[in-house]
Amino acid sequence: MLKRTLTVLALAVVGLPAVLYGGVFYFLFMGVFLVGSAWEYVRLYRAVQFEPHQIVTVGGVLVIITARFFFVDAAIPLFVVFILLAMTVHLFAYERGRDKAGLDFGVTVAGLAYVGWVGAYLLDLRQLPQGLWWWLLVLPIVWAGDTGAYSIGSVYGKHKMSPRLSPNKSWEGYFAGVFTSMLIGAFFAYAFSSMGPLNGLITPLKGALLGLIIGAVTPLGDLGESMFKRQGGLKDSSNVFPGHGGFLDRIDAWIWGAAIGYFIIRFFIL
């Protein structure tokens, strides 16, 4: 617990100013998490004898998120270029004797798409009009759901939610997490709208609905990363953060929350 607490405090010291100031500072902070997650993704699949191309996967994620933040019009063309590049390198791998090169290609492309393209919504969310306040609404909803699920599930959880992927998760914890997400969504929506930054844009009811949707679906991000780890026989994606595991362990639910929150805010609120 001491290690976990110290790690959270250290991340907050760096992360909170990055979120507040935004811009390049925020890009660098979140970029470290996404590029680190891409490296861990390759590591997890190599543990089960797949060979996603590390330079294409990690480098591609870096290029994709950079384009999404600084050069938006170039993002899709660069994404396509890296998919084609992935096929090219795996064609050569097959020619050199790697019989599973076609499967390796699929794993490489999935890493580019999931960690790079979908993960970049963590950047896009902060770039929305009034992006700081939307970020401070969406990410606390994700954290509240995780905290509520753990707090209730660890004490009262009796019905297993996903015995193979995550034996400790329970339906009691899941519904508690959804409920706490709704509460936090309603509370922050009320606070931000009454204080002014989101005045007229969101109501407590809309905040609760946003919390309901995000709280209901973001556990799938956590389970998805558990799937990667179970296949590789690993407990954590890495040990970068003492007591917390790796980059991907930290942002698995963030990615889902940011992407879903971005689209809900972009198309139904703004």
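1. Methionine 30 makes contact (heavy atoms within 4.5 Å) with Leu122, Leu123 and Trp254, once its neighbours within four places in sequence are set aside. Bear in mind that this is a predicted model: local features need pLDDT of at least 70, side-chain atom pairs count only at pLDDT 80 or more, and totals for chains, interfaces and linings use all residues. Residues are numbered from 1 along each chain as its sequence is written, and side-chain values use heavy atoms, with hydrogens and water left out.

2. Met30 also turns up in the largest nonpolar core, which has 60 residues; Met30, Leu122, Leu125 and Trp134 are the members that touch the most others. A nonpolar core here is a set of buried Ala, Val, Leu, Ile, Met, Phe, Trp, Tyr and Cys residues joined through side-chain atoms within 4.5 Å. Buried means under 20% relative accessible area, exposed over 50%, and partly exposed in between (1.4 Å probe, protein chains only). Helix α11, residues 247-269, gives this core the most, eleven residues. There's a second, separate core of six residues, with Tyr41, Leu44, Phe228 and Leu248 among them.

3. Rings of Phe, Tyr and Trp (its six-membered ring) pair if their centres lie within 6.5 Å, with planes under 30 degrees apart called stacked, over 60 edge-to-face and the rest tilted. Tyrosine 174 and phenylalanine 175 are edge-to-face, 5.2 Å centre to centre with 75 degrees between the planes. Tyrosine 174 is buried at 15% relative accessibility, whereas phenylalanine 175 is exposed at 52%.

4. Tyrosine 262 and phenylalanine 263 also pair edge-to-face, at 5.3 Å and 80 degrees. Tyrosine 262 is buried at 15%; phenylalanine 263 is partly exposed at 35%. Elsewhere, ring pairs link Tyr26, Phe29, Phe33, Trp135, Trp143, Phe247 and Trp254 into a cluster.

5. Finally, the charges over rings (NZ of Lys or CZ of Arg within 6 Å of the ring centre and within 35 degrees of the ring normal). Arginine 68 has its charged end over the ring of tyrosine 121, 4.5 Å from the centre. Arginine 266 does likewise over phenylalanine 267, at 5.6 Å.

Note on methods: Helix = DSSP H or I, 4+ residues; strand = E, 2+ residues; numbered from the N terminus.
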